[in-house]
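Here is a short tour of one protein model. Keep the sequence and the 3D view side by side as you read.

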Amino acid sequence: MDGVYLNTDPVGDEEADYFEIEGDSVLADYVDQTGMFQGENPLPPAVGMEFESYEDVYYFYSCYAKEQGFGVRVSNTWYRKSKERYRGKLSCSSAGFKKKSEANRPRPETRTGCPAMIKFRLMDTRRWRIIEVELDHNHLINPTSGKFYKSHKNLGVGTKRLLQLDSAEEVQKVRLFRTVVVDADHNGFLDVDEGEFGNSVDDSNQLKFNEGDAVAVENFLRQAQLTDSNFFYVVDLNEKGSLMNLFWVSSRSKAAYNYFGDVVYIDTSCLANKYEVPLVSIIGINHHGQSVLFGCGLLAMEAAESYIWLFRAWLTSILGRPPQVIIADQCVALQIALADVFPRASHCISLSDIMRKVPQKLGSLIEYEEIETAICKAVYHSSKPEQFEAVWEGMIQQHMLGDHKWLQAIYEDRRRWVPVFVKDVFLAGVLSIQSSDTVSCFFQEYLGVHTSLREFLEKYDRALQSRYQLEALADADSKSSSFMLRSRCYFELQISKLYTNEILKKFEREVEGMYSCFSTRKLNAEGSLVTYIVKEHVEMEGSRRDARDFEVLYNESEMEVQCNCGLFNSKGYLCRHTLSVLNQNGIEEIPPQYILPRWRKDVKRSYVLDYSYSGIDINSQIHRYDNLYRSIVQVIEEGRKSKERYDIAIQGINDILSKLRLGTNPSS
């Protein structure tokens, strides 16, 4: 059976497990409605991909090259003494340089020494694995010229290769899922051990299913594929062929990531709290400050290997474009995996996760209340790193906590969770300075400790629709002009025309907070850079108000302003201290670099995907669904513009439904 696999283990691991990509995978567009291996490659080559044969690697890379617009040539092939190939290297046709020719009219040099290539080798499993990849070229490439290269001459329709399928049932599954979803040994979809079939000798590396769970998973994925042609999922099978891990993401979630994927929160609370559903949710924040889902996973174990598998699967689904910032809890296995898969992202530890653990880790101490107060003061009321250090060190010494391992651990990680240390990282409000602002579980109302997997999957669509409805309502509210401004400040008027209502409400607190800033004085000036000290009455514990100084840097020539409170990076809008400085300098509008597109009410989200083909196959349920969906969305867009159009749309929809229910021909 032909297929492409991504391996999570090191290249040298001869007995490595693998996971098989399903749905919208590397192989997805190779399989057409007749079960043929064809088409264009949607993803670039990556280390760990595996293939059945040497020829499959060449075909795969050539399809990718044709799509990108460059040619392919075989640079090297290594043979054993038995004349068996065991290693290969494919390069861009512009790799290297031609040997100098002494001919009277030598051909012009066309090579550039291009480094783009892949290396692959034959593993003990008799599969060919990519072990090294270089995607960058040192010359221009043009997708429109790909078909003219010699290496692509034989990639036409005439060279489609039929998948080796054992039965008509398997062919049907190829048609349904657009890629192979069968286990070659078991001739079925998933081999799982449900509770009613007895206990396994060792089930630690497989998902634990109760009665009905396995069927629910299969039905869920099958239905998702039918209703969402760009639905993506990956299954990870153990050595017995049993389901170990599962990841899935909808087309809407992938589209949402394109707009709001700058900051991502990894919710592992279900795993940490031993829920029956071992769910991991990948969450972002949309322009209304609402949670938006980027993907879901089920993991058999809370281990680094499992997390690495999950994150690589998600990274594949988002075409290798990692987020800028990732926030997760302090779990060691989770942090190891994040550092492995996303080495260039900024890694933050969830502030709310750490503060929730304070009673659990320290509640048994005699002086717990005093210790908790000191921790909150250090975390939430330190405006400079040295202030945090001083308060923390004083607490440790006063209460003799120098040997407390948990406090030592979170102190060593302080630069990844304490607000005063992460103020230079944009966090979109996810890792908040205020203890009351946290990202709640996306499925909080639909998932409890004892909720079964079958029950959760039955509620899954309802949970998503509820979130979609909240986003649609917030869109409508923000686009209306009925929002009442609290002040006459021009900053507020400016933001009200641009930002969504939810972000506007939060910004209004900063506008109102300008009145608590009772002194704004110039400290020093170096050219166009001026330093101001803004004094503010800050509410402390017990309704006590304390005067605090905030340092604001203002560059008049560049129209740049920065406060050491760090609110702009934390929340994405200017603080009361910077607004006070702008106001004192006669600035009536917030500079454009501080107006973030991610909060705008007019952000255009293409959650309805724009497919590249115009015609549909009416014999395909997927194509029929896609076309109907796009058509009804157009009706919705037109119908919402006025009451008259709405009435026409509703009447038309009711007429269509009546005809469909009666089984009559709409054209009659």
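Buried means under 20% relative accessible area, exposed means over 50%, and partly exposed lies in between, with a 1.4 Å probe and protein chains only. This is a predicted model, where local features need pLDDT of at least 70 and side-chain atom pairs count only at pLDDT 80 or more, while totals for chains, interfaces and linings use all residues. Residues are numbered from 1 along each chain as its sequence is written, and side-chain values use heavy atoms, with hydrogens and water left out.

## The whole chain

The protein has 668 residues, and buried residues make up 49% of them. Its accessible surface comes to about 34,300 Å². Carbon and sulfur atoms hold 49% of that surface. These areas come from the Shrake-Rupley method with a 1.4 Å probe; for residues, only the protein chains shown count as cover.

There are 18 helices and 20 strands. Both are DSSP runs, numbered from the N terminus: helices are H or I with at least four residues, and strands are E with at least two.

Contact means heavy atoms within 4.5 Å. Take the contacts with a separation of 6 or more: residues 24 or more positions apart account for 59% of them.

## Two helices by length

The expected span of a helix is 1.5 Å times one less than its number of residues. How far does helix H18 (residues 643-662) reach from its first C-alpha to its last? H18 has 20 residues and reaches 29 Å, close to the 28 Å expected. Helix H6 (residues 304-317) has 14 residues and should span 20 Å; its end C-alpha atoms are 20 Å apart, which agrees.

In H6, 12 of the 14 residues are buried, so the helix is largely enclosed by the rest of the structure. Among the buried ones are Tyr307, Trp309, Phe311 and Trp314.

## Positive phi angles

Most residues other than glycine have a negative phi. Some residues here have a positive one. Gly663 follows H18, with a phi near 75 degrees. Leu319 follows H6, and its phi is positive too, near 60 degrees.

Lys83 is not a glycine, yet its phi is positive, about 70 degrees. Lys83 sits in the loop between strand E5 (72-79) and strand E6 (85-92). Met400 is not a glycine either, and its phi is about 50 degrees. The place of Met400 is the loop between helix H10 (385-398) and helix H11 (405-412).

| Residue | Relative accessible area | Class |
|---|---|---|
| Lys83 | 70% | exposed |
| Gln335 | 11% | buried |
| Met400 | 74% | exposed |
| Asp461 | 49% | partly exposed |
| Glu510 | 10% | buried |
| Tyr594 | 11% | buried |

Gln335 lies in helix H7 (residues 332-341). Which residues does Gln335 touch, leaving aside its neighbours within four places in sequence? The contacts are Ala328, Asp329, Gln330, Ile349 and Arg416.

Glu510 lies in helix H14 (residues 501-513). With neighbours within four places set aside, Glu510 is in contact with Leu567, Tyr573, Leu574, Cys575, Arg576 and Leu579.

Asp461 is in helix H12 (residues 453-479). The C-alpha atoms of Asp461 and Phe220 are separated by 9.8 Å, though these residues are 241 apart along the chain.

## Rings

Rings of Phe, Tyr and Trp (its six-membered ring) pair if their centres lie within 6.5 Å; planes under 30 degrees apart count as stacked, over 60 as edge-to-face and the rest as tilted. The count comes to 28 aromatic pairs. One of them joins Phe568 and Tyr594: it is edge-to-face, 5.3 Å centre to centre, with 85 degrees between the planes. Phe568 lies in helix H15 (residues 567-571) and Tyr594 in the loop between helix H16 (576-584) and helix H17 (621-639), so the pair ties together parts that are 26 residues apart in sequence.

Ring pairs also link a cluster: Phe220, Phe231, Tyr233, Trp248, Phe442, Phe443, Phe456 and Tyr460.

A charge sits over a ring if NZ of Lys or CZ of Arg is within 6 Å of the ring centre and within 35 degrees of the ring normal. Arg85 lies over the face of Tyr54, at 4.0 Å from the ring centre. The charged end of Arg598 sits over the ring of Trp599, 4.6 Å from its centre.
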